[in-house]
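Work through the exercises below with the model open beside you. Try each task before you read its solution.

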Amino acid sequence: WSEDCKQTFLEAFPGNKIISKKIGILHFALPIPKFKKMKNKNLRILFVARWFDAKGGRQTLEVFNRLSKKYPKIKFIFICPTPKEFKKKYAKNKQIEIIDLLPQENLFKEIFPSSDIFFYPGFGDSYGFCVPEAMMFGLPVITSNTFAKKELVSKGKTGFLIDKPKNWKGYEDMNEKMLKQFEEKTSLLIENKKLREKMSCEARKFAQDKFSIEKRNKKLREFYEEDLKN
């Protein structure tokens, strides 16, 4: 799926020239959605994940809570199975809407088209499939600079990549420096409409090109045809 996946595989078989010559990258592919952008009176920032801690759920809620105090009219949509303690902690914040899970159909028809920014730390990803999904709907992405993310998000063009601190202690680490970076980059997109709209166009353009089914199928055919020669 990615260059990082390829390198991990090569590290498992160091010095094996036969294997190194037989590895190619075949990116994840998505159908290009046809949708009508839903305009809202106020901005909507979205987080979607299946796993709470590994995807940065606790850090996301903390950043959302901080941003809500700076921007009292923004809506924060948090879609993820969420522990009761966190639901209780943020229950009084009416700007944050916590939803356990939704069918993909609802995400594609209602949630992505009505959102403006995709916020997704995604610390424990092997790829981060929701990132290209969000980009297909023209959402600039704010995520961590972790496994394969630099291949999905072009820093400063389609979103922002936040580095994990060197003393990172794991999924529960609420590192203040990192949280501030997430907060600052999100604030930049909130306040700079021109930049947000430019990134939105670039994100959709990039996703359509990199993750198109046609392009993937062409590459897959090349792999099969090459294998048949050997």
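**Exercise 1. Is Gly-156 buried, partly exposed or exposed?**

Solution. Start with the value: the relative accessible area of Gly-156 is 44%. Then apply the cut-offs: buried is under 20%, exposed is over 50%, and partly exposed lies in between (1.4 Å probe, protein chains only). Gly-156 is therefore partly exposed. Gly-156 lies in the loop between H7 and strand S6 (159–162). Helices (H or I, at least four residues) and strands (E, at least two) are DSSP runs, numbered from the N terminus. Last, take a distance. From C-alpha to C-alpha, Gly-156 and Ser-2 are 21 Å apart in space and 154 residues apart in sequence.

Before going on, note the ground rules. This is a predicted model, where local features need pLDDT of at least 70 and side-chain atom pairs count only at pLDDT 80 or more, while totals for chains, interfaces and linings use all residues. Residues are numbered from 1 along each chain as its sequence is written, and side-chain values use heavy atoms, with hydrogens and water left out.

**Exercise 2. Find the phi of Ala-148 and say where the residue sits.**

Solution. Phi of Ala-148 is near 70°. That is a positive value in a residue other than glycine. Most residues other than glycine have a negative phi. Ala-148 sits in the loop between strand S5 (141–144) and helix H7 (149–152). Its relative accessible area is 0%, so Ala-148 is buried.

**Exercise 3. Describe how H3 and H8 pack.**

Solution. Two packed helices are described by the angle between their axes and the distance between the axes. Axes are lines fitted to C-alpha atoms, for helices over the stretch in contact, and angles run from 0 to 180 degrees between N-to-C directions.

- Distance and angle: the axes of H3 (residues 57–70) and H8 (residues 176–191) come within 10 Å and cross at roughly 50°.
- Class: H3 and H8 are therefore oblique to each other. Under 35 degrees counts as roughly parallel, over 145 as roughly antiparallel, 65 to 115 as roughly perpendicular, and the rest as oblique.
- Contact residues: H3 contributes Gln-59, Glu-62 and Val-63, among others, and H8 contributes residues including Met-178, Phe-182 and Ser-187. Contact means heavy atoms within 4.5 Å.

Now zoom in on Ser-187, in helix H8. Its relative accessibility is 6%, so Ser-187 counts as buried. Beyond its neighbours within four places in sequence, Ser-187 is in contact with Leu-67, Lys-70 and Tyr-71.

**Exercise 4. At what angle do H8 and H9 pack, and which residues meet?**

Solution. The angle between H8 and helix H9 (residues 193–210) is about 100°, and their axes are 5 Å apart. H8 and H9 are therefore roughly perpendicular to each other. From H8 come Leu-188, Leu-189, Ile-190 and Glu-191; they meet Lys-193, Leu-195, Arg-196 and Met-199 in H9.

**Exercise 5. Which residues does Arg-196 contact, leaving aside its neighbours within four places in sequence?**

Solution. First, locate Arg-196: it is in helix H9. Second, check accessibility: the value is 11%, so Arg-196 counts as buried. Third, list the contacts: Leu-43, Ile-117, Pro-140, Leu-189 and Ile-190.
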